[in-house]
Amino acid sequence: MTKDRTTDGAATDGAATDGTAGADPAGATWPAGSHLTDADAATTWDLLVVGGGTAGLTGAQSAALLGARVLLVERDRTGGECLWSGCVPSKALLAAASAAADARRAHRLGVRAEVEVDFPVVMAHVRAAVTAIQPVDAPQALEAAGVRTVRGTVTFTGPATATVDGREVRFAQALLATGSRPAPLDLPGADGVAALTADDVWDLAELPGRLAVLGGGTTGTELAQGFARLGAHVTVVEAGAHLLPAEDADAAAVVTAALRADGVDVRTGVRATSVRPGEDGAGALVLDDGAQVPFDRLLLAGPRRPLVDGLGLVEAGVRRVDGRLVLDGLRTTNPRVWAAGDVTGEDLYTHTAGVRGSDAAINAVLGLPRRPGAVVPRVTFTDPELAAVGEPTGTLANGTPRAGTARTGRRLLELRHDHVDRAVAEGRSEGFTRLVVDRRNRVRGATVVGPRAGEVLAELTAAVLDGTTTSALVARTHPYPTYGDGPWNAAIADYRGRLGTPAVRAVTRTVVAARRWVRSRKA
Ligand SMILES: Cc1cc2nc3c(=O)[nH]c(=O)nc-3n(C[C@H](O)[C@H](O)[C@H](O)COP(=O)(O)OP(=O)(O)OC[C@H]3O[C@@H](n4cnc5c(N)ncnc54)[C@H](O)[C@@H]3O)c2cc1C
Ligand SMILES: NC(=O)c1ccc[n+]([C@@H]2O[C@H](COP(=O)([O-])OP(=O)(O)OC[C@H]3O[C@@H](n4cnc5c(N)ncnc54)[C@H](O)[C@@H]3O)[C@@H](O)[C@H]2O)c1
């Protein structure tokens, strides 16, 4: 992060700093007295929390709420990736991008607008969003919640000891919440360009003319659309068969069409094999199909890796295999040490980091065995949004039915959004809702692609968690007209279909006829 951004975007509500702000960008977020004291070093902490991102913040606060003595140590700034370089800035940038796109396509609704993007003002909006949210995650807020919060770097020295910047601390239990970092770009020539990552793209002062995005996962797809809508010429390169390879291929196709409509050059099924450096950060990506993608700036949106460098995991008795922590639920191979969030390498989302950080901390201080839940909702915040939960929907990328669908008795319900009146009214009916239901008509999984799909997913997540049947879904009155009509109408269509079977119709016809006969006898 640049000094400008931190000074501008991170200063708290007049709190004293540790005197290092200016020379030290992260200093702006730390109040005085945020270093380990003699009293801290003399305490045996019920819970040592390593890392002040989402997992660490929720874990520390939950444990403190239960009366535990909690020490949270963060080496940079509390708030972590989500606040400073992940969810918050990306959604703020996408909001500006959507405003531009809405204005450009307003002519379809009979409204014409000239669009001019002022990139520095967009980035000021991004910083303002971070600044507005930051106090919730600040050291002062943690201290007020009963969490001793210090700045420093933790290194384990044994199964129940660690150092904070060289000073020893003792703990009964510890929570590892150190997050992840972008995997290095291991391509010939890569050292010759100053590639951006999701960590530092927020420091851009000018919109790049030509932006190459390497990786079409969630980060790459969201940012490719965002920067294209703000006026950059964006090419996104994805090795998988389609963008968002982990998602329903047909839903990803809807998102891909939207990116192409925004002018993004989407290249899928191709791998970057080398980089040809040019001048001032410019260059070209060389692809395995022989094509080259020239760029002014390159954005690496490849996979992320757990951040465990220098942590002393061997000394702590915390084992890893192939770079991944060996976990039994939320516990590492040292029974005193728990792990949650991106450092686990599983389900890299803020909501999972938050829930699991809290669960791990509660387990640690109360001696409980709770394990991470298997149902993980996720949203790609493109326009349209792609939201999914539970069992995968639809087909694999090669068009074959999802393995096991027939064997397990699963059915796929699909409702195109030209049957969602709100979508039609807004001219946004390009999406669809898909539900996986089991033999007992319980919702087991869902994909929604369309505007506000992330909001719609809340109901579907509850349905998957609760084993809600489509009949029960039908019985819940939904306000009209909303995008929530997608799943509701899908359930209604299914329910009607089942009512229309010969056996059910024979029964209902008999009942209707019987009531008619009773009426005629009374007349
Ligand atoms: C561009 C982008 C957009 C995203 N958007 C979304 C989204 O919309 N929704 C969503 O759910 N997820 C999103 N994510 C993912 C989300 O940001 C992460 O899953 C989440 O922030 C992980 O939280 P965490 O607590 O595990 O790690 P982090 O937030 O990375 O926190 C780890 C902390 O540990 C500190 N640390 C590391 N080592 C040490 C040490 N030795 N001693 C002391 N401190 C240490 C670090 O400084 C850091 O502050 C996005 C990610 C990116 C990159
Ligand atoms: N909206 C959200 O919730 C959100 C947003 C952004 C990130 N995240 C989280 O962050 C995690 C990391 O996301 P990500 O998108 O950075 O990583 P990712 O691992 O999901 O995607 C990286 C993509 O890069 C591609 N790739 C790698 N090397 C390549 C090469 N040489 N040539 C072409 N393509 C290549 C891979 O095929 C992959 O699809 C995700 O798992 C997600 O959980 C969440």
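Leu-244 is buried in this predicted model, because 24 other C-beta atoms lie within 10 Å of its own, and a residue counts as buried once 20 or more are found in that range. The residue sits in the loop between β10 and α9, and its phi is positive, at about 50°, although Leu-244 is not a glycine. In general, most residues other than glycine have a negative phi. Asp-347 also has a positive phi of about 50° without being a glycine, and its place is in the loop between β19 (337-339) and α11. With 17 C-beta neighbours inside 10 Å, however, Asp-347 counts as partly exposed.

How many of its residues are buried? The count is 6 of the 6, so β23 is largely enclosed by the rest of the structure. Phe-432, Arg-434 and Val-436 point one way from the strand, whereas Thr-433, Leu-435 and Val-437 point the other way, and the residues of both sets are buried. On one hand, β23 pairs with β22 (residues 411-416) in the antiparallel sense over 6 bridges, and Thr-433 is the bridge partner of Leu-415. On the other, β23 pairs with β24 (residues 443-450), again antiparallel and over 6 bridges, and here Leu-435 stands opposite Ala-446. The strands β23 and β24 form a hairpin with 5 residues between them, and in the turn Asn-441 has a positive phi of about 65°.

The loop between β20 and β21 contains Pro-384, which is joined to Asp-383 by a cis peptide bond with an omega of about 5°. A cis peptide bond also joins Tyr-480 and Pro-481, where omega is about -10°, and Pro-481 lies in the loop between α14 (470-474) and α15 (485-499). As a general point, most peptide bonds are trans.

A further open sheet is formed by 3 strands in the order β12-β13-β14, with antiparallel pairing. Its edges are β12 (272-277) and β14 (292-295), each with a single partner strand, so one side of each is left without a neighbour in the sheet. Neighbouring strands of this sheet are turned by 20° against each other on average, direction ignored. Strand β13 (residues 283-287) pairs with β14 over 4 bridges in the antiparallel sense, and Gly-283 has Phe-295 of β14 as its bridge partner.

Among the helices, α3 and α11 have axes that come within 7 Å and cross at roughly 35°, in a right-handed crossing. Residues of α3 including Thr-54, Gly-56, Gly-59 and Ala-63 take part in this contact, and so do residues of α11 including Thr-350, Gly-354, Gly-357 and Ala-361. By class, the contact has 9 nonpolar, 9 polar and 1 charged residues.

Ligand 2 is surrounded by 25 residues, of which Gly-215, Gly-217, Thr-219, Pro-303 and Leu-348 are the closest. Two or more residues of this shell come from each of α8 (218-229), β10 (233-238) and β20 (378-380). Which element gives the largest share of the shell around ligand 2? That element is α8, with 4 residues. By class, the shell around ligand 2 consists of 11 nonpolar, 9 polar and 5 charged residues.

How values were computed:
Residues are numbered from 1 along each chain as its sequence is written. Chains are lettered from A and ligands numbered from 1 in the order in which they are written. This is a predicted model: local features need pLDDT of at least 70, side-chain atom pairs count only at pLDDT 80 or more; totals for chains, interfaces and linings use all residues. A residue is near a molecule or strand if its C-beta atom, placed from the backbone, lies within 6 Å of it. Ala, Val, Leu, Ile, Met, Phe, Trp, Tyr, Cys and Pro count as nonpolar, Asp, Glu, Lys and Arg as charged, and the others, Gly among them, as polar. Two strands pair if DSSP finds at least two bridges between them. Axes are lines fitted to C-alpha atoms, for helices over the stretch in contact, and angles run from 0 to 180 degrees between N-to-C directions. A residue is buried if 20 or more other C-beta atoms lie within 10 Å of its own, exposed if 12 or fewer, and partly exposed in between; C-beta atoms are placed from the backbone. A crossing is left-handed if the near helix is turned anticlockwise from the far one by less than a right angle, and right-handed if clockwise. Two residues are in contact if their C-beta atoms, placed from the backbone, lie within 7 Å.
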